[in-house]
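Visitor: I am new to this structure. Please show it to me, and then I will ask how the terms are applied.

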Amino acid sequence: MAIIQWKPLWDTRFPSLRDEMDKMFEDFFEKVSFPSTRSDSWAPALDVSETANDVIVAVDIPGVDPKEIEISIMEDILSIKGQRKKGEDMTDEVCFRSERRFGLFQRTVQLPSDVTADNAKATYVDGVLRIVVPKTQKSAPKEIKVSIQ
């Protein structure tokens with residue numbers, strides 16, 4: 001007998017209706033601007049992976065000036081801060097829909113291994129920030145021969 005994952009009726013019968021309702025509420029709360037829902041910050045998507053020697057973090061931040069990015073590592077915590085500015089060429093436009101986020105952003109993530117922050121390297125190509133942090137080389141077991149006297 002095959003095992004089938006259970007899904008609520010709402011998810012199986014009305015997925016597009018649910019998506020439309022979610023979008024309607026998101027649009028409403030973005031336009032109404034209640035103080036509790038207003039936010040001038042956003043969080044970019046990121047991936048964390050590792051190889052045998054490195055921890056690799058890739059962050060999607062297109063349109064961000066690399067000079068506006070701050071990266072810090074304290075022990076195994078990586079913090080990325082920056083700002084995406086709204087283009088000056090958009091000031092005369094009448095906007096009908098705006099889904100791109102502008103303003104300050106910050107992401108803090110715990111790295112999966114102990115790392116050596118001093119040797120970290122970052123590159124920014126095609127809107128993707130890639131941070132490579134070497135793992136700490138744990139001391140390998142050492143065999144000590146004991147001579148009996």
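Guide: A place to start is A122, which stands opposite I131 in β8. This is a predicted model, where local features need pLDDT of at least 70, side-chain atom pairs count only at pLDDT 80 or more, and totals for chains, interfaces and linings use all residues. Residues are numbered from 1 along each chain as its sequence is written, and side-chain values use heavy atoms, with hydrogens and water left out.

Visitor: What makes β7 and β8 a pair?

Guide: Two strands pair if DSSP finds at least two bridges between them. β7 and β8 have 5 bridges, in the antiparallel sense, so they meet that definition.

Visitor: Which strands are the edge strands of the open sheet, and why?

Guide: The open sheet has 4 strands in the order β2-β3-β8-β7, with antiparallel pairing. Its edge strands are β2 (46–50) and β7, as each pairs on one side only. From one strand to the next, the twist averages 15°, with axes being lines fitted to C-alpha atoms, for helices over the stretch in contact, and angles running from 0 to 180 degrees between N-to-C directions.

Visitor: How many helices and strands are there in the chain?

Guide: There are 2 helices and 8 strands. Helices (H or I, at least four residues) and strands (E, at least two) are DSSP runs, numbered from the N terminus.

Visitor: Why is S113 called buried?

Guide: Buried means under 20% relative accessible area, exposed over 50%, and partly exposed in between (1.4 Å probe, protein chains only). S113 has 18% relative accessibility, so it counts as buried. S113 lies in the loop between β6 (103–110) and β7 (121–125).

Visitor: What makes a polar contact with the side chain of S113?

Guide: The side chain of E50 does, at 2.9 Å. A polar contact is a pair of N or O atoms within 3.5 Å; within protein, one must be able to donate a hydrogen and the other to accept it, and residues adjacent in sequence count only if both atoms are side-chain atoms.

Visitor: What is in the largest nonpolar core?

Guide: A nonpolar core is a set of buried Ala, Val, Leu, Ile, Met, Phe, Trp, Tyr and Cys residues joined through side-chain atoms within 4.5 Å. The largest one has 17 residues, and V59 and I131 are among those with the most contacts inside it. β3 (54–60), β5 (77–84), β6 and β8 (128–134) each supply at least two residues of this core.
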